[in-house]
Amino acid sequence: MIAVKNQLTLQEFLNSPEEEDITYELVNGEAKPKMSPKRFHSRLTIALCLILTQWAENKGEVGVEWAVILRIRGKDWVPVPDLLYISYSRFPSDVIENEACPIPPDLVIEIISPDQSFGEMSAKATDYLDAGVLRVWVIDPKAKTVTIFYPDARPQTKRSQDSLEDSLFPGLVISAEQIFQQAGIP
């Protein structure tokens with residue numbers, strides 16, 4: 001006999017009680033636990049949050065581990081990116097609900113954890129783009145690189161003094177090296 005797993009609907013997932021120490025993502029109808037960040041991951045999150053928050057003043061909102069309601073391959077998907085940025089033109093500043101982000105963000109940032117592979121994160125980046133996210137940065141703390149994924153071009157990997165400048169984020173001038181230096185990653 002084959003056991004059939006009940007698939008969660010988007011509403012069931014969003015209405016499920018929160019657990020103190022575990023963050024879940026909705027993937028293919030299942031609540032999957034998100035990995036707990038380690039030291040370098042945490043430091044990169046803080047550094048990127050500070051950089052983006054300063055730049056985004058009066059432009060948009062920066063979120064840390066803010067769930068996003070998306071659709072991929074005809075199914076609801078609720079990932080919890082490490083960071084996101086959504087412009088006020090996509091998500092008005094007067095919205096005050098305490099809910100998952102209902103609109104694909106301009107930028108999603110995912111930091112590779114020790115037991116994740118670049119390939120896994122590349123696949124996730126492609127899913128984000130297919131769901132309407134405009135840019136995805138995949139940060140690799142070991143290689144000290146930032147790979148930028150675009151909806152209409154091949155990914156570009158930035159390292160050292162390579163600039164992450166992008167017409168989508170006017171005035172944001174930062175290099176890969178500056179991110180890792182600000183995070184204190186040796």
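1. Exposed, in this note, means over 50% relative accessible area, buried means under 20%, and partly exposed lies in between. Arg73 reaches 64% relative accessibility, so Arg73 counts as exposed. The model is a predicted one. Every value below is computed from it.

2. Arg73 is exposed at 64%. Asp127 has a relative accessible area of 16%, under the 20% limit, and is therefore buried.

3. Arg71 pairs with Asp76. The closest N and O atoms of this salt bridge are 2.9 Å apart. Arg71 has a relative accessible area of 48%, which makes it partly exposed. Asp76 is partly exposed too, at 24% relative accessibility. For the record, the count of salt bridges in the model is 5.

4. Now helix H2. Does its length agree with its residue count, or disagree? It agrees. H2 covers residues 39-56, which is 18 residues. At 1.5 Å a residue the helix should span 26 Å, and its end C-alpha atoms are 25 Å apart.

5. Which residues of H2 are buried? They are His41, Leu44, Thr45, Ala47, Leu48, Ile51, Leu52, Trp55 and Ala56. The spacing along the helix is worth a look. An α-helix has 3.6 residues a turn, so residues three or four places apart point the same way. Read the list of buried residues with that in mind. The cover over them includes strands S3 (60-64), S6 (83-87), S7 (107-111) and S8 (135-140), together with helix H4 (176-182).

6. Backbone angles deserve a check. Most residues other than glycine have a negative phi. Asn58, which follows H2, has a positive phi near 65°. Glu65 is not a glycine either, and its phi is positive, near 45°. Glu65 lies in the loop between S3 and strand S4 (70-72), and is partly exposed at 32% relative accessibility. Ser160 has a positive phi of about 50° and is likewise not a glycine. Ser160 lies in the loop between strand S10 (156-159) and H4. At 40% relative accessibility, Ser160 is partly exposed.

7. Where does Ile69 lie? It is in the loop between S3 and S4, the loop that also holds Glu65. Ile69 is partly exposed, with a relative accessible area of 22%. The C-alpha atoms of Ile69 and Cys101 are 6.0 Å apart, although 32 residues separate the two along the chain.

Definitions and conventions. Residues numbered from 1 in each chain as written. Predicted model: local features only at pLDDT ≥ 70, side-chain atom pairs only at ≥ 80, totals over all residues. Heavy atoms only, no water. Helix = DSSP H or I, 4+ residues; strand = E, 2+ residues; numbered from the N terminus. Expected span 1.5 Å × (residues − 1). Buried < 20%, exposed > 50% of the residue type's maximum accessible area, 1.4 Å probe, protein only. Contact = heavy atoms within 4.5 Å. Salt bridge = Lys/Arg side-chain N within 4 Å of Asp/Glu carboxyl O.
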